Amino acid sequence: MPKRIALDYDDRELRIVVANCNGSKVQVTDAQVIPIPENGSVSEKLRAYITSEGLQKTETLVTIGRGKAELRELQLPPVPDDELPDMVRFQAIRSFASASERAIVDFLVTRRTNENNTLIAAAVSPGDMDRVRELCKTSDLLPKRIALRPLSAASLYLRGQKTPPICVLIDLLNDDAEIVIARDGKVIFVRTVRLPSEARHRSGAIASELHRTMVACGETSTPGRIVVWGTESVHAGDIAAIKSTISCDDVQAVNPFDLVSLQIDRSALPEHIGRLAPLVGLLASDETAPETLIDFLNPRKKPEEEPDRVRRILMIAGPIAAVFLAGFFIYRQFAQWDRKIANATNEVNLLLPSAKAAEESIERTETIDQFLDGDVNWLDEIRRLAEKAPPSDKMIVRNISGTASIRGGGGTLRIVGAVTEPSVIDELEEALRDPNHGVVGKGSQEQKGQDTYAWTFTESVMISGETIRNTRYERMAERIAEAESQAADEPSTATEEPAAEQSPSEAAPSEAQESEDQEAEQQPSTPDQPSNENATDTAEVQA
């Protein structure tokens, strides 16, 4: 059976699972959790282990956490599967805060309806991918997959177990907890939360964050089952806290190694074996269920169609035959076509200066737009924050700073404040987030000694340059419409005034005629300008 390595790492430890894999059969031969000292190197620890076990040139499956990837839930129109990758990538570049043209994007469809497709999309930067490749290269390993960690663990349990309609899986790491919510055996929501550093506060924080996650994904019903990866002896306090908070009777600890074959002594397994669940799930899903993973090394792409040689021959031969057939008629009408070509050329030459001027005008306008895209109206953004933020008895703002992006347009409004409880932060994020504003938080941190506002937070509200440009053009359109309406009202007023002035002259024509005669007598006539013409001009001026 071919041997494969699954590895995961962070700043504090390196996690490794080695197994013999053949289709759906996985036999674990080694499982290690290697601590990394402060200022230590993950690469050195991995290279030492691979060298000691002789695992060079082995296919390697790597998991990366939520911290290295940006996740979003997207809803797209119902389109064929071969069009989804391009559509997801285009939407991810627009919606993700850190995604760029070079970002690696993969997705997992969670639900399909006649109205839309709901999916989880994830993006990772090329720099993070290069670091993972370099880590494997220094240890002489062959990377095969680089998958998202929470989905790897969920795939292990959901494929092999009969689950209730709503099932929650929790993977407890050193400082984080990864929460996955599944409906009818399919993942619908993924969230990673930061846990307190003190062990006595972790159980309560896990239960609280689980409740917030259920609210965030829109699930109002109580989960039918909650699974905590690990052993019951290690997570007894966590299970008790979850039962009391969520009111779910079916809360259980699941050992990931119970779901696969194990060829080593169980006593040799690490204490916190739940942290190895993503690695075991990745090994089990590598060949049998890769569609349940988000794989950044092999992202979903539009399938390439194989060329049809017969169709290509017909496409080439058909036009050639048509050309020979049409040549006979073209020969007789060649002169007429020359005249049409000459006329068309003249028309094009006449339009070239206008087209060039239009292109220059467009370039100048685009340059100005790019400059103005960085002009964020911070007063509007602060007013919007004041209108949408929770009341002062729940939240206070200690610092607000705005940073404009001159090159890309838009800007970022950074908000630093404190709240009475972590749920207020979610309320603030939901209130500030809309299609024109992206919100990214750095989590919350409890401040000891604070009675009321005990949780500090930092939120970044991103305003894109496209949003600023659209707002600017909307306001310009409103002003133009107001000016046009005012201009339309002025001619009607000017038309009514002369009509009112003419009524006295019509009522007393004799007086107007006498004044014209007197003025004509006072002005000397010249050969070039007869006296009757002077009288006519004077009458017109008076009228």
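1. Definition first. Patches are built from residues with over 30% relative accessible area and no salt bridge; like charges are joined within 9 Å, and nonpolar side chains (Val, Leu, Ile, Met, Phe, Trp, Tyr) within 5 Å. Here I316, I320 and F324 form a nonpolar surface patch of about 350 Å². Accessible areas come from the Shrake-Rupley method with a 1.4 Å probe, and for residues only the protein chains shown count as cover. I316 belongs to helix α8 (residues 309-332). I316 is exposed, at 52% relative accessible area. The classes are buried (under 20%), exposed (over 50%) and partly exposed in between, with a 1.4 Å probe and protein chains only.

2. Basis. This is a predicted model, in which local features need pLDDT of at least 70, side-chain atom pairs count only at pLDDT 80 or more, and totals for chains, interfaces and linings use all residues. Residues are numbered from 1 along each chain as its sequence is written, and side-chain values use heavy atoms, with hydrogens and water left out.

3. Overall content. The protein has 14 helices and 18 strands. Helices (H or I, at least four residues) and strands (E, at least two) are DSSP runs, numbered from the N terminus. Of its 543 residues, 38% count as buried. The accessible surface comes to about 31400 Å², with 51% of that belonging to carbon and sulfur atoms. Contact means heavy atoms within 4.5 Å. Among contacts between residues at least 6 apart in sequence, 66% join residues at least 24 apart.

4. Six-stranded sheet. An open sheet runs in the order β8-β4-β1-β2-β3-β14, with mixed pairing. Its edge strands are β8 (142-148) and β14 (261-262), each pairing on one side only. Two strands pair if DSSP finds at least two bridges between them. β4 (residues 59-64) and β8 run parallel, joined by six bridges. T63 has A147 in β8 as its bridge partner.

5. Strand β18. Seven of the ten residues of β18 (residues 455-464) are buried, so the strand is largely enclosed by the rest of the structure. Ten bridges join β18 to β16 (residues 410-419), running antiparallel. V416 stands opposite T458 of β18. β17 (residues 437-446) is also antiparallel to β18, with eight bridges. There, S444 stands opposite F457.

6. Salt bridges. The structure holds 33. The criterion is a side-chain nitrogen of Lys or Arg within 4 Å of a carboxyl oxygen of Asp or Glu. R225 and D250 form one, with the closest N and O atoms 2.9 Å apart. R225 lies in β12 (residues 225-229), and D250 in the loop between α6 (236-246) and β13 (251-254), 25 residues apart. R225 is buried at 16% relative accessibility; D250 is partly exposed at 26%. R266 and D258 meet at 3.0 Å, N to O. R266 is partly exposed at 43%, and D258 likewise at 48%.

7. Helices α9 and α12. D369 forms a salt bridge with R472, with the closest N and O atoms 3.1 Å apart. D369 sits in α9 (residues 334-372) and R472 in α12, so the pair ties together parts 103 residues apart in sequence. Both D369 and R472 are buried. R469 is also found in α12 (residues 465-507). The side chain of R469 makes a polar contact with that of E366 at 3.4 Å. A polar contact is a pair of N or O atoms within 3.5 Å; within protein, one must be able to donate a hydrogen and the other to accept it, and residues adjacent in sequence count only if both atoms are side-chain atoms.
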